Amino acid sequence: MFRRREPVPFAFIAEADRFRGNVTPPPRQRASRGERAGRGLLMLTLVAGIVGALVVGMPALSTPSEPPAGQSQAQGH
């Protein structure tokens with residue numbers, strides 16, 4: 001790390017990046033069954049929404065190989 005050569009008025013600020021406390025953070029609490037079920041339901045809803053959008057949108061994205069039979073070019077009589 002880059003070290004400054006000139007003296008710093010507040011040495012504790014310059015040394016703060018090297019400070020390590022002896023206090024360990026508390027362990028993370030495990031999610032309850034309700035929270036896990038809620039997250040699972042949310043993920044299932046998101047995936048179902050994406051799949052549903054693809055299913056509904058696929059006909060609009062596909063190009064027909066031939067024009068529909070009911071629509072033909074007008075012939076002059």
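**View 1. Burial across the predicted protein.** Buried residues (under 20% relative accessible area, 1.4 Å probe, protein chains only) make up 0% of the 77 residues. The protein exposes about 8400 Å², by the Shrake-Rupley method with a 1.4 Å probe. Carbon and sulfur atoms supply 63% of that area. This is a predicted model: local features need pLDDT of at least 70, side-chain atom pairs need 80 or more, and totals use all residues. Residues are numbered from 1 along each chain, and side-chain values use heavy atoms, without hydrogens or water.

**View 2. Helix 2, residues 33–61.** The protein has 2 helices and 0 strands (DSSP runs: H or I, at least four residues; E, at least two). Helix 2 has 29 residues. Its first and last C-alpha atoms lie 41 Å apart, close to the expected 42 Å (1.5 Å times one less than the number of residues).

**View 3. The bend at Val55.** Helix 2 bends here by about 25°, the angle between axes fitted to the seven residues ending there and the seven starting there. Pro59, a proline, follows within four residues.

**View 4. Met58 in helix 2.**

Methods
Buried means under 20% relative accessible area, exposed over 50%, partly exposed in between (1.4 Å probe, protein chains only).
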